[in-house]
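Biologist: I would like to go through this model feature by feature. Please give the general idea first, then the case at hand.

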Amino acid sequence: MPETGRARDARGYSMNEHIGWALIGASNVARQWIVDAIRVQNDSSIVTVLSSSEERGAKFANENAIPAHVTDIGAILADDRVNAVYISTANQFHHAQTMAAAAAGKHVLCEKPLALRVTDAHDMIAACRTAGVVLGINHHLRCNAMHQELRRLLAEGAIGRLNAVRVFHANFLAQALHGWRINDAGGGGLILDSTIHDIDTLRFLIGSNPTHVMAMTQSGRLAHDGVEDGIMVIMRFPGDVLVQIHGSYTVPFSEGGVEFYGSDGVLVGRDCMSQRPAGRLFIRNADGEREIPIHHHNLYHYALATFSGAVRGRRQPAATGEDGLAALAIALAIRESALTGRQIEVDIP
Ligand code: NDP
């Protein structure tokens, strides 16, 4: 219950009160990263986990020392100990679950893609705003310390006027993830799973949205039924900056990276497109090449810390609902280009 005599947020929570989390989705990403990231925050704990399967929920709760598990979202919505939810179900459920959580006054950290349709993403943002709750999106790459330093350097003009960017985000999809990603034409596929992270990272680093996109995809090496498992994208950003992305589920032994080409130099990020706190940054210019030291932190710890800060009204989450909507709109434009063979003008409503 809210304490008395302390600062409170719009819904009456004490600003110092513990954040009680419900996990919506007994997912791999929750197990691997988020359970720990919530627990390292000194103001947060996990109250319960929702799975559509009683058996899977019980197993997940047991293995992760979560005190309760439920199969009905209503139990979470009605639980006063829960004031934030982390939604990591399959992509087609994000919209309805966010809408329900917002209506019940719960803060929402939602996995990407925010939704499958831009109109749904709009509704989610509006619902959270109306309810006075925080909506954050787990675009983790912008929480990587190397990308944060790269952003700072670009903003201060370390390589002059930006000319072109290349993103390398190809790998071989782990066997454990060979489910909906490669066989669900609605919610799966590389674009909404992985390319959308590249889009968010580019928006974060460059500080604007692309105006036009073109793409070609591959399918059939791993994915089937027309689901894409490889992609090359070309984008034009404001200032006539050309950007290229190579993404894949089917390329082993590849190191993810980014290259930024400017009028006065080049910034190269290596091994920086994963979930790990990794990445080396180099600058090359008239003085030669040097490595820029990076003090890494856990990406998900950072995301949860900023989300806690947002719940307390101190800051924005690392990626907002608007960031999630923009990334989705650009991802869908890329998919449209791949399907039609046309260059698509990006419209972010
Ligand atoms: P999972 O496939 O692990 O989980 C998604 C859902 O699938 C779960 O909610 C679960 O439903 C169901 N499920 C899990 N295991 C089984 C099973 N054995 N049989 C049947 N159903 C099962 O997904 P991910 O963790 O890979 O992804 C979840 C979300 O997180 C996605 O939106 C994805 O895009 C995003 N993601 C984000 C990452 C990031 O770093 N930001 C990284 C990875 C994923 P139920 O809850 O009903 O049990």
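Predicted model: local features only at pLDDT ≥ 70, side-chain atom pairs only at ≥ 80, totals over all residues.

**Helix packing and the sheet**

Modeller: H1 and H9 are oblique to each other.

Biologist: At what angle do helix H1 and helix H9 pack, and how far apart are their axes?

Modeller: Helix H1, residues 28-39, packs against helix H9, residues 299-311, at an angle of about 50 degrees, and their axes are 8 Å apart. Angles under 35 degrees count as roughly parallel and those from 65 to 115 as roughly perpendicular, so H1 and H9 come out as oblique. The crossing of H1 past H9 is right-handed.

Biologist: Which residues make the contact?

Modeller: H1 contributes Trp33, Ile34, Asp36, Ala37 and Ile38, while H9 contributes Tyr300, His301 and Leu304. By class, the residues of this contact are six nonpolar, one polar and one charged.

Biologist: Now the sheet. What is the order of its strands?

Modeller: The sheet is open, has nine strands and mixed pairing, and reads S14-S13-S12-S11-S7-S10-S9-S8-S15. At its edges are strand S14 (288-292) and strand S15 (344-345), each of which pairs on one side only.

Biologist: How should I read the pairing around strand S12?

Modeller: Take one neighbour at a time. Strand S11, residues 257-262, is antiparallel to S12 and joined to it by five bridges. Three residues lie between S11 and S12, and the two strands form a hairpin. Within this pair, Glu259 is opposite Val268 of S12. Strand S13, residues 280-285, also runs antiparallel to S12, again with five bridges. There, Arg270 has Arg280 of S13 as its bridge partner.

Biologist: Is strand S12 mostly covered or mostly open?

Modeller: In general, side chains in a regular strand alternate between the two faces of the sheet. Burial is a separate matter, judged residue by residue. Strand S12 (residues 266-270) is mostly covered, with four of its five residues buried.

Biologist: How many bridges pair strand S9 with strand S10, and in which sense?

Modeller: Strand S9 (residues 230-237) pairs with strand S10 (residues 241-248) over eight bridges, in the antiparallel sense. Ile231 is set opposite Gly247 of S10.

Biologist: Which strands does helix H8 lie across?

Modeller: Helix H8, residues 190-206, lies across strand S7 (162-170), strand S8 (212-218), S9, S10 and S11. Relative to S9, H8 runs at about 30 degrees.

Conventions. Residues numbered from 1 in each chain as written. Heavy atoms only, no water. Axes fitted to C-alpha atoms, helices over the stretch in contact; angles between N-to-C directions. Parallel < 35°, antiparallel > 145°, perpendicular 65-115°, else oblique. Left-handed = near helix turned anticlockwise from the far one by under 90°. Contact = heavy atoms within 4.5 Å. Nonpolar A, V, L, I, M, F, W, Y, C, P; charged D, E, K, R; others polar. Buried < 20%, exposed > 50% of the residue type's maximum accessible area, 1.4 Å probe, protein only. Pairing = 2+ DSSP bridges.
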